[in-house]
Amino acid sequence: MVLDYIVIAVYMIAILGVGYWGLRRSKTKSDYLVAGRRLGTFMYSGALSAIVLGGASTVGGIGLGYSYGLSGAWLVVAIGLGILVLSAFFAKRIVKLKVYTVTEMLDLRYGGNSGLISGIVMFLYTLMLTVTSTLAYATIFHVLFGIPNIAGIAIGGTVVVAYSVMGGMWSITLTDVVQFVIKTIGILFLLLPISLVHAGGFSGMRERLGESFFSPWSIGGATIITYIVVYTLGLLIGQDIWQRVFTARTPKVARIGGLASGAYCLIYAVAGALIGMATRVIYPDLKVPDEAFATIVQDSLPPGVRGLVLAAALAAMMSTASGALIASATVLTSDIFPRLRAIFRPGTPSFAQGGSLTVYRVAILGLGIVTILIASSVSSVVAALTIAYNILVGGLFVSILGGLVWKRGTRAGAWASILVGTVAVIITMFATDILANQPIYVGLGTGLVTYVVVSLCTRPTEEAIMSEWTHRLSASDTEDINVSRPETATIAFDPHNH
């Protein structure tokens, strides 16, 4: 394992080095939170792929392939579909809005400054996503070094927090591109073909597993629909994903790069399922399907290659953790703190207006420590993440999507929809089960009806607000957002202007 240790050590040192490089490039709030809004197609596509394909997509996707065969790809397919829909229909609009958070988009579209509830929901979602990713990469350290999960959480968490604090989104973007390359080589070009060869190829797998493992539907129609509703819709409105979209240099980059990322996710989904199927052939008696990844890597790969594949898994998990961490910090500093300050100390200038990078670095450091502590104290946060996803989609999806596609939607309709959808989700979870499918459907249904009815019963959004909204959306698809709309020349309805 010595060679594997060397590969992992080189990877960790390189990631910190790239983070330091990002430190030197982060001079403004725009640099730190959205990489200066100047990523080209390759960097944008690689970074977007890196954040959406984390521990659940790698370890979990391979585990589903082990249990259900080819249909185990549906979880990651749902993620890829979300990226494709977002990129094809909404990414251009999101980039043109030139905001930092989803809640700022709601304030810009509907007017006013009352997004505290949506900010809190988004904050909880991104924080829980960070925790789950932290737990996931701790398992790799456990497999590699045989150390307790708490020590793995501390090691991996420290590295992620360090490079995130140093350069913010620039560091995370640069490290994500490196991680994307490592992940592609390790999973697609090394682990996939090697595991297929060990399993006797497709003919050997078909003979040992049977036809049901090659059916795309064996996981069940209800499960497939739930994956699409939860993950595809969740990706359309998640702060961690939107903050990546904000980094694109132009709307055209966001569209083309996003479509490429979505296609990559579909390939990754099938690859994970096939690796899981090959592992089922070689090791048919694993008690825990999620151990399929670690087992095939540890027992079937030669030294050095094994270290690179483990580094690829770490790359997948760390990129998701770092992206969710900066998203959580951005929501906290840009949405929650300013609104709380406006409530309890009206008239006090918001620190978010001053653009002090120290504030954002302190927020990331503090939330990073909180994440490590939470991850160290629990064995699983599946239920907590499910709650966050249910509230995110059930409470916020209708008002966000409605604002993007329906001009008649009003502020009253949006906030009524958020309130009713969120309450409906919570009540249904208590009445049924936290992990049940019903809460998210109830939240979406009640939220949609409330949004339409209340919007039609209230006065349309003021012309001045819609004029600013329309002005931003009218930018050319190839226009450089960072040049055409300087950050200092923002809006008459600044969500931070109390």
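**Exercise 1. Find which helix gives the nonpolar patch its largest share, then look at the residue from elsewhere.**

Start with the share: helix α18 (residues 411–431) supplies 4 residues, the largest contribution to the nonpolar patch. Helices here are DSSP runs of H or I, at least four residues long, numbered from the N terminus. Next, list the members: Ile117, Leu419, Val420, Val423 and Ile427, together exposing about 420 Å² of accessible area. That area is a Shrake-Rupley value with a 1.4 Å probe, where only the protein chains shown count as cover for residues. To join such a patch, nonpolar side chains (Val, Leu, Ile, Met, Phe, Trp, Tyr) must lie within 5 Å, in residues with over 30% relative accessible area and no salt bridge (a side-chain nitrogen of Lys or Arg within 4 Å of a carboxyl oxygen of Asp or Glu). The scale is: buried under 20%, exposed over 50%, partly exposed in between, with a 1.4 Å probe and protein chains only.

A word on the model: it's predicted, so local features need pLDDT of at least 70 and side-chain atom pairs pLDDT 80 or more, while totals for chains, interfaces and linings use all residues. Numbering runs from 1 along each chain as its sequence is written, and side-chain values use heavy atoms, leaving out hydrogens and water.

**Exercise 2. Work out why helix α13 counts as largely enclosed.**

Go through residues 292–300: 7 of the 9 are buried, so the rest of the structure largely encloses α13. The buried ones are Ala292, Phe293, Ala294, Thr295, Ile296, Val297 and Ser300.

**Exercise 3. Describe the backbone and setting of Lys98.**

Check phi: Lys98 sits near 55°, a positive value in a non-glycine residue. Most residues other than glycine have a negative phi. Then locate Lys98, in the loop between α5 (74–97) and α6 (102–110). Last, burial: Lys98 is buried, with 9% relative accessible area.

How values were computed:
Helices (H or I, at least four residues) and strands (E, at least two) are DSSP runs, numbered from the N terminus. Patches are made of residues with over 30% relative accessible area and no salt bridge: like charges are joined within 9 Å, nonpolar side chains (Val, Leu, Ile, Met, Phe, Trp, Tyr) within 5 Å.
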